[in-house]
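Trainee: I'm new to this structure and would like a close look at a single part of it. Could you pick one and walk me through it slowly?

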Amino acid sequence: MTTSPPLTVRRARAEEWRETRALRLAALLDPAAPVAFLETHEVAEAKPDVFWEHRARTAATSDAVAAFVAVDDAGRWVATTTGLVEEPGATEVLGGPVEQRQVHLVGVFVRPEFRGAGLLGRLFDGAQEWGRAQGVERARLCVHVDNPRAQAAYRKLGFTPSGVRFTLDQGEELEMVRAL
């Protein structure tokens, strides 16, 4: 029996913009990317370094957004998610109204060879703990109706459909929520 290398789950650091970029580009090459992400590999790859530097710095230092990563002993980034704090009365990133203080989990990706080992739960725990420290009341995420693998993983972690559905360019999405 082989064992997987130890993984550290932590908030991404400001200087890690190259790693942020590399993992995002890997995520956008995943077969599920067309229904899982709101941009294409080509669009992301064309963004200048200053974009990635700003993205990494903001996700490492802001009280409104935080990126969490899983890193192996060799320093390879193998998974990520980002939490966005949404305030009541605001318009959430997909255009709907925000009714309560919540953390919206986005950019969820686990490299295929690391899936099914509980890593997603560890990432979400980090993001949700950060969200609780920001005073949020619930976690939410959106998932494409044609992405049953992701829906099953989210259900396993305690997320349930809220009943909210909406349509994006990629097709129909459903919102799933979990109280914190």
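**From an aromatic cluster to the sheet**

Mentor: Let's begin with Phe124, Tyr154 and Phe159, which form one aromatic cluster. (Rings of Phe, Tyr and Trp, the last by its six-membered ring, pair if their centres lie within 6.5 Å; planes under 30 degrees apart are stacked, over 60 edge-to-face, and the rest tilted.) Please keep in mind that this is a predicted model, where local features need pLDDT of at least 70 and side-chain atom pairs pLDDT 80 or more, while totals for chains, interfaces and linings use all residues. Residues are numbered from 1 along each chain as its sequence is written, and side-chain values use heavy atoms, leaving out hydrogens and water.

Tyr154 takes us to helix H6, residues 148–156, where Ala150, Gln151 and Tyr154 are buried. (Buried means under 20% relative accessible area, exposed over 50%, and partly exposed in between, with a 1.4 Å probe and protein chains only; helices, H or I with at least four residues, and strands, E with at least two, are DSSP runs numbered from the N terminus.) Looking down the axis of H6, you find its buried residues within an arc of 100°, so they line one face of the helix. That arc is taken from the directions running from the helix axis to the C-beta atoms. Pro148 and Lys156, on the other side of H6, are exposed. After H6 comes Gly158, with a positive phi near 95°.

What do the buried residues of H6 pack against? Their partners are E4, H5, E5 and E7, where contact means heavy atoms within 4.5 Å.

Now follow E5, residues 138–144: seven of its seven residues are buried. In a regular strand, side chains alternate between the two faces of the sheet. Here Arg138, Arg140, Cys142 and His144 point one way, Ala139, Leu141 and Val143 point the other way, and all are buried.

E5 has a neighbour on either hand. With E4 (residues 102–110) it pairs in the parallel sense over three bridges, and Val103 stands opposite Ala139. (Two strands pair if DSSP finds at least two bridges between them.) With E7 (residues 171–179) the pairing is antiparallel, over seven bridges, and Leu174 in E7 is the bridge partner of Val143. E4, helix H5 (residues 119–133) and E5 make a right-handed β-α-β unit; right-handed here says that, with the strands pointing away from you, the path from the first strand over the helix to the second runs clockwise.

Stepping back, these strands belong to an open sheet of seven, in the order E1-E2-E3-E4-E5-E7-E6, with mixed pairing. Its edge strands are E1 (7–11) and E6 (160–168), each pairing on one side only. From one strand to the next the twist averages 25°, using lines fitted to C-alpha atoms (for helices, over the stretch in contact) and angles from 0 to 180 degrees between N-to-C directions.

E2 and E3 form a hairpin with four residues between them, and Gly75 in its turn has a positive phi of about 90°.
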